[in-house]
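Hi,

Here is the structure I said I would pass on.

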Amino acid sequence: MTDNRLAGATSPYLLQHKDNPVAWRQWGPEALAEAREAGKPILLSVGYAACHWCHVMAHESFEDDEVAAVMNELFVSIKVDREERPDIDQIYMSALHALGEQGGWPLTMFLTSDAEPFWGGTYFPKTARWGRPGFIDVLHAVATAYRSDRERIEQNRAGLMARLRQMPRDIGARNAIVSGAIVAAAGSRLGSLLDPVHGGLRGAPKFPQAPVMELLWRAGLRSDLGLRDEVLKALREMSNGGIYDHLGGGLSRYSVDERWLVPHFEKMLYDNAQYLRHLSLAIAAATDAETVDLFRRRLDETVAWLLRDMRNGDAFASSLDADSEGVEGKYYVWQADEVVDILGPDDATLFNRTYDISNGGNFEGANIPNRLAGDDDIIGDVSEEDLKVWRDRLLAVRSERVPPERDDKVLADWNGHMISALAEAALLVSRESWRDVAVDAWHFIEREMDGSQGLAHAWRDARATRPAFATDHAALMRAALSLAETAKDSEEAEAWVSRAMDHAERLEAGYAHENGGYCLTSSAASDVIVRPYSPLDEAVPNANAVAAEALLRLWTISGRPIFRSRAEATFNAFAGEIAENVFGTAGLLSALDTRDNAVLALIVTADGQRPTTFDAALSGLADPALVTFLARDGADYPAEDPRHGKIAQAGRPTLYLCREGACAAPLTDPSAIAEALAGLRSRD
């Protein structure tokens with residue numbers, strides 16, 4: 001009987017492999033000790049539950065007795081969920097990049113019995129094809145080299161370990177970097193990479209690239225480069241493309257083509273959090289009613305999907321798989337005659353023409369609903385209301401199909417991003433219930449995932465995975481600030497700021513690097529060969545970027561210099577990396593924009609209750625560097641706090657715009673906000 005030890009795992013991805021004939025281990029001291037005692041190399045396989053090619057390799061190799069026998073004889077095999085252990089993924093993906101490989105998942109790495117990498121790749125077919133060697137051949141070749149060519153193995157190991165221990169590019173351009181000019185320059189450089197027809201970055205596959213889009217938005221606010229229009233174009237094309245689920249709502253991870261038509265069908269919580277946030281900015285900034293209506297529909301639909309399909313308790317699950325019944329996208333695609341059977345011939349003709357559904361299909365003989373052709377194909381008097389009725393009927397039928405698997409683990413950092421997005425969207429469109437959902441998610445994390453043992457990174461079935469990562473504390477700090485900035489009264493706002501400060505201190509205590517910024521892994525971690533220390537974004541902004549943004553917002557609200565100092569130390573630590581790689585450090589550049597353009601929009605009322613007086617005008621600025629806070633007239637703040645001494649003029653709700661210790665004249669008329677803000681910033 002195979003000694004597979006994944007049955008006790010919490011990760012749905014690991015549980016997918018519990019019945020494999022491979023003697024899988026989970027990452028940890030026991031597996032590493034086993035490898036050392038046996039003198040065997042480690043085969044590390046890293047993936048995630050919604051990964052299509054992970055499923056392909058599992059079916060071809062890990063479920064195959066012949067392959068498993070070789071793995072079990074020659075290696076100690078360890079399976080890792082990259083979402084549960086992002087530090088392991090980041091360490092060994094960095095090693096693969098150092099080997100000159102592009103990377104991706106599944107990640108297949110070969111390690112010494114001390115867990116130090118010496119070679120690797122990504123997907124390997126069982127037998128050689130597509131120019132890739134067969135996995136069994138790879139296993140034999142690596143094991144033979146490990147036994148008989150230790151000099152080459154040692155050379156590879158030493159070189160990779162040196163790269164992994166290497167500090168980020170240092171200081172060179174430090175003085176230039178800390179000037180805000182780099183944000184506009186970075187926007188210009190990134191703008192040259194944009195697709196003028198389809199929006200987003202040129203080429204295929206096409207990812208939403210949310211950190212880059214946010215930086216472009218901010219650079220567009222500070223210049224006349226037209227970059228905000230480019231972000232709006234990308235959002236329009238994504239929102240009309242097949243990458244968006246037109247029946248159920250929600251955005252897929254990426255499109256395999258340059259038109260946003262054919263998605264890689266998995267849906268990730270983090271992508272949709274950032275999509276909601278950018279839709280909110282776009283709704284606030286767009287000037288034509290058609291665009292606003294489009295983005296508002298997508299906002300409503302995506303939140304509806306979130307509440308229908310992604311809740312786990314009061315928090316949110318991680319992802320939905322791309323595959324159902326072993327076929328990628330099967331759940332989501334349609335034949336034209338299926339639509340006719342459901343809607344009837346007349347309505348189906350109109351629906352199919354609107355959503356690009358034909359007998360020939362637009363994807364492998366089937367159809368991915370999309371509206372990339374725009375509204376020109378809508379015939380006669382068909383309204384959005386008609387289309388919604390038809391979509392709902394199709395969705396009801398689709399829900400009877402075998403659905404994709406759901407990875408229902410709760411991740412603290414991804415939930416933090418969604419909490420922020422929901423709180424900000426709720427204020428923009430006056431949907432208080434959305435903010436209530438965000439608050440409930442926060443309390444779930446606080447109740448189920450935090451406490452005397454510290455914050456957990458992941459939770460599933462009442463079991464928590466600790467310790468947390470820097471990403472968790474940073475995202476929750478930012479989430480608490482979003483809830484503070486949208487609070488219903490001043491007492492609630494203060495409570496959320498206190499929570500943000502708590503996570504700031506825990507982040508500093510457990511993750512701070514001596515050079516500034518933060519390591520991904522806690523100082524308490526004992527099962528990693530290095531503590532990842534990087535400024536580079538992935539699909540979400542890097543932990544250092546999220547932390548710097550949150551720290552600067554805390555400084556803007558409270559005036560406490562320690563928070564700005566920590567953010568500045570982060571910028572300085574990664575100054576050289578920022579200069580060399582504006583694409584990879586877009587998140588830090590956005591935080592740098594907050595440092596240079598942050599303004600406190602302090603609303604003071606006699607009773608501390610939030611008025612609606614200024615909400616529309618402040619939201620309409622669509623400026624992520626604006627920090628809104630609610631205070632009660634007469635509240636006691638220290639003299640150095642920008643909130644000190646602020647009163648409600650004649651008892652009326654009053655707005656103070658403050659920047660680095662200086663405040664503009666108090667305002668009671670929201671129409672004067674834009675001019676006052678411009679005047680305050682022009683003093684620099």
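Lys-267 has Leu-320 of β11 as its bridge partner. That contact belongs to β8 and β11 (residues 319-320), an antiparallel pair joined by 2 bridges; for strands to count as paired, DSSP has to find at least two bridges between them. The open sheet here has 3 strands, ordered β8-β11-β14, with antiparallel pairing. Its edges are β8 (267-268) and β14 (406-407), each of which pairs on one side only. Strands (E, at least two residues) and helices (H or I, at least four) are DSSP runs, numbered from the N terminus.

Before the rest, some housekeeping: this is a predicted model, so local features need pLDDT of at least 70 and side-chain atom pairs count only at pLDDT 80 or more, while totals for chains, interfaces and linings use all residues. Residues are numbered from 1 along each chain as its sequence is written, and side-chain values use heavy atoms, with hydrogens and water left out.

Now the cysteines. Searching the whole structure turns up 2 disulfides, taking a disulfide as a pair of cysteine sulfur atoms within 2.5 Å. In sequence order of the bonded cysteines, the pairing reads 1-2, 3-4.

- Cys-51 is joined to Cys-54 with an S to S distance of 2.3 Å. The link is right-handed, with 80 degrees about the S-S bond, and both cysteines are buried (under 20% relative accessible area; exposed is over 50% and partly exposed in between, with a 1.4 Å probe and protein chains only).
- Cys-658 is joined to Cys-663, S to S 2.1 Å. The torsion about that S-S bond is about 105 degrees, so this disulfide is right-handed. Cys-658 is buried at 5% relative accessible area, whereas Cys-663 is partly exposed at 28%.

Cys-54 also sits in helix α3, among its buried residues. Of the 11 residues of α3 (residues 52-62), 8 are buried, so the helix is largely enclosed by the rest of the structure. The buried set is His-52, Cys-54, His-55, Val-56, Met-57, Ala-58, Ser-61 and Phe-62.

On to the rings: there are 22 aromatic pairs. The criterion is ring centres of Phe, Tyr and Trp (its six-membered ring) within 6.5 Å, with planes under 30 degrees apart called stacked, over 60 edge-to-face and the rest tilted. Trp-53 and Tyr-123 have ring centres 5.1 Å apart and planes at 55 degrees, so they make a tilted pair. Trp-53 is in α3 and Tyr-123 in the loop between β5 (117-121) and α6 (135-148), so the pair ties together parts 70 residues apart in sequence. Trp-53 is partly exposed at 36% relative accessibility, while Tyr-123 is buried at 7%.

Tyr-533 and Phe-574 are also worth a click: their ring centres are 5.0 Å apart with planes at 45 degrees, so this pair is tilted. Tyr-533 is buried at 10% relative accessible area, and Phe-574 is buried at 0%.

Which residues do ring pairs link into a cluster? They are Trp-24, Phe-62, Phe-75, Phe-110, Trp-119, Phe-124 and Phe-135.

Last, charges over rings (NZ of Lys or CZ of Arg within 6 Å of the ring centre and within 35 degrees of the ring normal). Arg-228 places its charged end over the ring of Trp-217, 5.1 Å from the centre. Lys-646 lies over the face of Tyr-656, 5.9 Å from the ring centre.

Cheers
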